Amino acid sequence: MKILDALNEQANFELESAYIYLGMSGYLADQDMNGMKHFMDMQAKEELEHAGKMIHFLQEVGYSVKYRSLNPGEADYSSILDVFEKAYAHEKVVTSNINKLVDLAREEDDKRVQSLLKWYVDEQVEEESNFASLITQLGRAGENWGALYQLDHAMGHRG
Ligand code: FEO
């Protein structure tokens, strides 16, 4: 069943997403934006949970999960806004991957995977919306450090 192999790859991609977001967290720490760093650490933690749900499912259906090496990305950012724009772009890739998985699960008429993926389809709406909103707020703050620190403070409260 190709869908389970594809799901295995997406589980790896979710782990890789955590890795990429940890790189972003490192950049934000270097910028002394500790609230934003916290936000990104929580994002990385969520990605581990996304991977974990898929891994658990695969193991429950008797699939032997395979792990590949993870690419941390370039972790080369030109500004705080650049970090969040790249995070948003990354989430769009995740959404596209999830949509392809939904198509494949339908093609193979795998109801179990279709049911699992419903959660991810909904989750991606939130993931994209979070980053889109932050980009808007960062754009408005511009070079105003007072506004940036206010945003940093608010982002430090992500649970
Ligand atoms: Fe696991 Fe941010 O998508």
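This is a short talk on one predicted chain, from its overall build down to a few single residues.

Hello everyone, and thanks for having me. First, the ground rules. Residues are numbered from 1 along each chain as its sequence is written. The model is predicted, so local features need pLDDT of at least 70 and side-chain atom pairs count only at pLDDT 80 or more, while totals for chains, interfaces and linings use all residues; side-chain values use heavy atoms, with hydrogens and water left out.

Let's begin with the whole chain. It has five helices and zero strands, where helices (H or I, at least four residues) and strands (E, at least two) are DSSP runs numbered from the N terminus. Read from that end, the order is α-α-α-α-α. Along the principal axes, the C-alpha atoms fill a box of roughly 55 × 25 × 25 Å.

How much of the chain is buried? Of its 159 residues, 45% count as buried. Buried means under 20% relative accessible area, exposed over 50%, and partly exposed in between, with a 1.4 Å probe and protein chains only. The accessible surface comes to about 8,400 Å², and 52% of that belongs to carbon and sulfur atoms. Those areas come from the Shrake-Rupley method with a 1.4 Å probe, and for residues only the protein chains shown count as cover.

Now contacts, meaning heavy atoms within 4.5 Å. Among those between residues at least 6 apart in sequence, 82% join residues at least 24 apart.

On to helix H2, residues 34–60. Its 27 residues reach 39 Å from first C-alpha to last, close to the 39 Å expected at 1.5 Å a residue; the expected span is 1.5 Å times one less than the number of residues. After H2 comes Gly62, with a positive phi near 85°.

Within H2 sits Ala51. Why does Ala51 count as buried? Because its relative accessible area is 0%. Leaving aside neighbours within four places in sequence, Ala51 is in contact with Ala11, Glu14 and Leu15. Glu16 is 35 residues from Ala51 in sequence, yet the two C-alpha atoms are 9.4 Å apart in space.

Helix H3, residues 80–107, holds Asn97. Which side chain does the side chain of Asn97 meet in a polar contact? That of Gln10, at 3.1 Å. A polar contact here is a pair of N or O atoms within 3.5 Å; within protein, one must be able to donate a hydrogen and the other to accept it, and residues adjacent in sequence count only if both atoms are side-chain atoms. Not counting residues up to four places away in sequence, Asn97 touches Gln10 and Phe13.

A polar atom of the Asp82 side chain lies 2.9 Å from the backbone nitrogen of Ser78. With neighbours within four places set aside, Asp82 is in contact with Asp76 and Tyr77.

Finally, two loop residues with backbone angles to look at. Asp32, in the loop between H1 (2–30) and H2, is not a glycine but has a positive phi of about 60°. Asp32 counts as exposed, since its relative accessibility is 54%. In the loop between H2 and H3 we find Ala75. Its phi is near 50°, again positive in a residue other than glycine, and at 41% relative accessible area Ala75 is partly exposed.
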